[in-house]
Amino acid sequence: MVIMRYNASNNVGKHTALLVYQQEVQDRVQQIVTTLLFPRVLEPLWNFLVGLGSPLRLFLPSQMTQLVASQNQTLVIEFLFSVFPPLYEGGLLFFILLILVYAFIISGNLVIFVAVQLDMALHTPMYFFISVLSFLEIWYTTTTIPKMLSSLVSEKKTISLGGCLTQMYFFHSLGITEGCVLTAMSIDRYIAICYPLRYPTIMTSKLCIQLTAGSCFCGFLMVLPEIVWIATLPFCGSNKIHQIFCDFTPVLSLACTDTSLVVIVDAIHAVEILASFLVIALSYIRIIMVILGMPSAEGRHKAFSTCAAHLAVFLLFFGSVAVMYLRFSATYSVFWDTVIAVTFVILAPFLNPIIYSLRNKEMKDAIGRLFHQKRDARAHR
């Protein structure tokens, strides 16, 4: 009995000493962090490590740990996709369909990208932007579809917190970049049709590269603060995401703290979407007016055919994005949320190669020459 009491008291003493040591280390780290020159810059990165479940969490002054402890709830370190059916209840069928669609998206966009790079006839600003869009589409779909395929055939339909944040960041960064490139394409078409004589001197290759670089910079920078903020939030209780991929609204609904700041973030995203939409819409209003004023029917047809593919992609992309992200207080059922998500995550990238190749004679000819060159090369071997 004496030995048992001694061991118990000894364990309590060790536990107390450990807590005191942890508190001392925590206070010392807090003092160092708060006296750094740029605490506002380092704090989000520090919290990001905490959100990813880093071991450094033990040494940090974290309100998240205190909140979870006080509510006696388990910290969520992974999320569960609840909308995917089991493998033998439709999951296998969806898997086969999705992998075929994904293969077409990758191969179709890759063929367009390679054709534009290799065919000298397509070395123009319009086709340069089309090749950039095709390149972005490959990575845009790769951020979500492989995980969907895995969830359809796996019994464990989960994603880690770090993986979820990474998916959200690259998905929205690439999506915003695509929106900016589509805006640049509308400006290109506006100058080509409304100011044809000045077009070669305005839309130089240097300007095209600058517009593309600016689109990438805008896309990958604008979404970063929101991802960093989400990484600082505590997630506890339910871990079920009622969506086919990690998105802002489904993930934020699982946070066990105040997320009212998302209203400001939603307003910023709404301004981004509406600004791009207005630039493209105003450009095409002016383009249509100029086309209708052309004297010859052949000239009108040729001018409109150069814009038709871009206009179709613009309506498909911004239409689905607007329905998904400009809803404000409106709510949909899980079924309709999933349908809308499938539209711009899967359907739009699937249709884009078809629109750009079938609706464009020059692109079809370039793709034909590309495959003929491959055949000739094999015949000469």
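**Sheet, core and salt bridges of a predicted model**

Phe81 has Ile241 as its bridge partner in E3. The model is a predicted one, in which local features need pLDDT of at least 70, side-chain atom pairs count only at pLDDT 80 or more, and totals for chains, interfaces and linings use all residues. Residues are numbered from 1 along each chain as its sequence is written, and side-chain values use heavy atoms, with hydrogens and water left out.

The protein chain contains 15 helices and three strands. Helices (H or I, at least four residues) and strands (E, at least two) are DSSP runs, numbered from the N terminus. Of the 381 residues in the chain, 41% are buried. Buried denotes under 20% relative accessible area, exposed over 50%, and partly exposed in between (1.4 Å probe, protein chains only). Among contacts (heavy atoms within 4.5 Å) with a separation of 6 or more, 78% join residues 24 or more positions apart.

The three strands form an open sheet in the order E2-E1-E3, with mixed pairing. Strands E2 (158-160) and E3 (240-241) are the edges, each pairing on one side only. Pairing requires at least two DSSP bridges between two strands. E1 (residues 78-81) runs parallel to E3, with two bridges between them. E1 and E2 are antiparallel and share three bridges. Leu80 takes part on both sides: its partner is Lys240 in E3 and Thr158 in E2. Side chains alternate along E1.

Leu80 pairs with Lys240 of E3. Helix H7 (residues 161-194) packs on this sheet and touches E1, E2 and E3. The direction of H7 makes about 85° with that of E2; axes are lines fitted to C-alpha atoms, for helices over the stretch in contact, and angles run from 0 to 180 degrees between N-to-C directions. Leu165 lies in H7. Its relative accessibility is 3%, so Leu165 counts as buried. The C-alpha atoms of Leu165 and Val251 are 9.4 Å apart, although 86 residues separate the two along the chain.

The largest nonpolar core has 90 residues. Such a core is a set of buried Ala, Val, Leu, Ile, Met, Phe, Trp, Tyr and Cys residues joined through side-chain atoms within 4.5 Å. Phe79, Leu182, Ile230, Phe235, Val251 and Tyr356 touch the most other members. H7 provides the largest share of this core, 17 residues. Beyond its neighbours within four places in sequence, Tyr356 has contacts that include Ile112, Ile130, Leu133, Leu182 and Met363.

Helix H5 (residues 125-142) has 18 residues. From first to last C-alpha, H5 reaches 26 Å, close to the 26 Å expected at 1.5 Å a residue; the expected span is 1.5 Å times one less than the number of residues. Because 14 of its 18 residues are buried, H5 is largely enclosed by the rest of the structure.

Two salt bridges are present, each defined as a side-chain nitrogen of Lys or Arg within 4 Å of a carboxyl oxygen of Asp or Glu. One joins the side chains of Asp119 and Arg369 (2.8 Å, N to O). This pair links distant parts of the chain, 250 residues apart. Asp119 sits in the loop between helix H4 (91-118) and H5, and Arg369 in helix H15 (residues 361-379). Asp119 is buried at 11% relative accessibility, while Arg369 is partly exposed at 36%. The other salt bridge joins Asp188 and Arg189 (3.0 Å, N to O). Both Asp188 and Arg189 are buried.
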